[in-house]
Amino acid sequence: MEPARRKEPALTAESLASDIADILGRFGVAPSRYSGVGRTIASPITGEGLGTVADSTPAAVEAAIARAADAFRAWRLVPAPRRGEFVRLIGEELRAAKADLGRVVTLEVGKVPSEGEGEVQEMIDICDFAVGLSRQLQGLAIPSERPDHRLMEQWHPAGVVGVITAFNFPVAVWSWNAALALVCGDPVLWKPSEKTPLTALAVEALVARAAARFGGVPDGLVQVVTGGREVGAALVDDPRIAVVSATGSTRMGRVVGERVARRFGRAILELGGNNASIVTPSADLDLAVRAIAFGAMGTAGQRCTTLRRLFVHDTIYDALVPRLAAVYRTVSVGNPLAGPVLVGPLVDAAAGAAMDGALAAARALGAAVTGGEAVAAPGAAGGCYRRPALVEMPAQQGPMLEETFAPILYVLRYGDFAEAIELQNAVVQGLSSSIFTTDFREAEGFLSAAGSDCGIANVNMGTSGAEIGGAFGGEKETGGGRESGSDAWKGYMRRMTSAINYGRSLPLAQGVRFDVE
Ligand code: NAD
């Protein structure tokens, strides 16, 4: 039988809205959740409304937190591998819905289709990872210094996890947290970006399907509350939320981190980046051009790991930078639904204005700019389209020291390797970094304790496009949090150390004596 054909790409706002309503309806989202009184959710593709989503009221948020706290009491007692089975079913639902959910991401965030679907694939991958993890939440057996004693460590569920997400990875970041939290025994209460609640409602419906197939889960195990920072703040301040995982700007993280610390809660902060690559004289330039292009222009420069600064050795500057400039002049920019393009829209007009402002500031400092101009996208007049900008800087200063969430790549010459490392580390953010070299001393030096100061450091690839198997996160003002693979699961559990005396005497540690009659 021929597979069902996808509908032709829709170009009018009305058809974008009906397209998304069609998908949400099939997922089982009640129309009242995305129509009626509420915030208008604009598609970056055309700038027009996809639907309206009401902010959760304070009473609704309070009720959601209370339900999550109740769910914790039940879910923590479900054996971890059984919790993994629920996550396995979520992964199955995501597999079946990959094309549809990817399209919701494209419509709501403006990502090109392969990146929209790639984001869903990342969700599937972390579910698979978490299923295996559900049988590996292991503690340690530790040799005791006392006779007839056993010393051990266990990991227990931490409690409700509040997840606050940014617009640019509207569903993948939730899944990095949720898949781990659920197998760890924690309910998940999600406050998506106010720009992207429709993807969250879609995911909530898919999770409900998985819950039905699982045979039911505690009421309130996985919930979504919608709205802006006030709704996020209610999660941040509530002591019933054991872990607050917040992804977004450093400005947001500074507030959230302080508030969670004030109540001695646990925060996982995933904040802004100002990521750099170094291109050394021995680099494979063909490979470097492709990697730099994807790192700097992919997702229209709206990834936390987007390449924003490039340090090029003097001796290869004239071989590399004109090649990059040619790519910048010709890369396809436009409506991601109208045909194959590599660079879609910025999220909104404010993002375009921020890009224009940063380029003006760079020009005022003497920079030479290739690209950066507004692009007219057929059928998408209300979207904000910009040609990515390659900005040759006289020094690392001004806007180069900031994260402007747009496709701007600042380029600077360097003379010696130590200087390049110093320039790369001389910003307040510490998320991702990379080096292009075939000299193993440079590669290993870059990865050494004296090299990159970032949470992610790659060799012969760009700064973005991380896999879920590694721990994801960054240092300094990127917040220090780790999510996703490796042992990031420990952030969602509490550690219990236990000493067990199976003898008849009471030897004290460190030889301390305390003899009473
Ligand atoms: P943002 O900071 O504007 O918003 C992020 C989320 O935080 C939203 O849900 C928002 O409602 C909420 N929020 C804002 N202020 C809050 C407050 N005071 N209390 C509680 N919640 C609050 O960020 P954005 O524009 O949506 O996303 C872009 C930013 O996110 C960039 O800086 C990017 O680098 C960063 N980001 C980081 C990572 C990472 O893993 N390090 C991943 C994706 C995006």
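Helix α11 bends by about 30° at L320, and a proline, P322, follows within four residues. The bend at a residue is the angle between axes fitted to the seven residues ending there and the seven starting there. Helices here are DSSP runs of H or I with at least four residues, strands are runs of E with at least two, and both are numbered from the N terminus.

Before I continue, a word on the source: this is a predicted model, in which local features need pLDDT of at least 70 and side-chain atom pairs count only at pLDDT 80 or more, while totals for chains, interfaces and linings use all residues. Residues are numbered from 1 along each chain as its sequence is written, and side-chain values use heavy atoms, with hydrogens and water left out.

What is the span of α11? The helix covers residues 314–330, and its 17 residues should span 24 Å at 1.5 Å a residue; the end C-alpha atoms are 25 Å apart, which agrees. The expected span is 1.5 Å times one less than the number of residues. The residues I316, Y317, L320, V321, L324, A325 and Y328 of α11 are buried, meaning under 20% relative accessible area, where over 50% is exposed and anything in between partly exposed (1.4 Å probe, protein chains only). An α-helix has 3.6 residues a turn, so residues three or four places apart point the same way. The cover over the buried residues of α11 includes strands β10 (275–279), β11 (307–313), β12 (368–371), β13 (389–392) and β14 (408–414), together with helix α10 (285–297). Contact here means heavy atoms within 4.5 Å.

I turn to E270. The unreviewed UniProt entry lists E270 under "active site"; such positions are given in the numbering used here, feature names are shortened, and annotations may be inferred rather than shown by experiment. E270 is found in strand β9, residues 266–270, and counts as buried at 5% relative accessibility. Leaving out residues up to four places away in sequence, its contacts include T247, F472, R482 and E483.

Next, the aromatic rings. A search of the whole structure finds seven aromatic pairs. Rings of Phe, Tyr and Trp (its six-membered ring) pair if their centres lie within 6.5 Å; planes under 30 degrees apart count as stacked, over 60 as edge-to-face and the rest as tilted. The F86 and F214 rings have centres 5.4 Å apart and planes at 50°, so this pair is tilted. F86 lies in α3 (residues 80–96) and F214 in α7 (residues 197–214), 128 residues apart. Both are buried: F86 at 0% relative accessibility and F214 at 10%. W176 and F472 form a tilted pair, at 4.8 Å centre to centre and 50° between planes. W176 lies in α6 (residues 172–184) and F472 in β18 (residues 471–472), so the pair ties together parts 296 residues apart in sequence. W176 and F472 are buried.

Finally, K111 lies over the face of F169, at 3.5 Å from the ring centre. The criterion is NZ of Lys or CZ of Arg within 6 Å of the ring centre and within 35 degrees of the ring normal.
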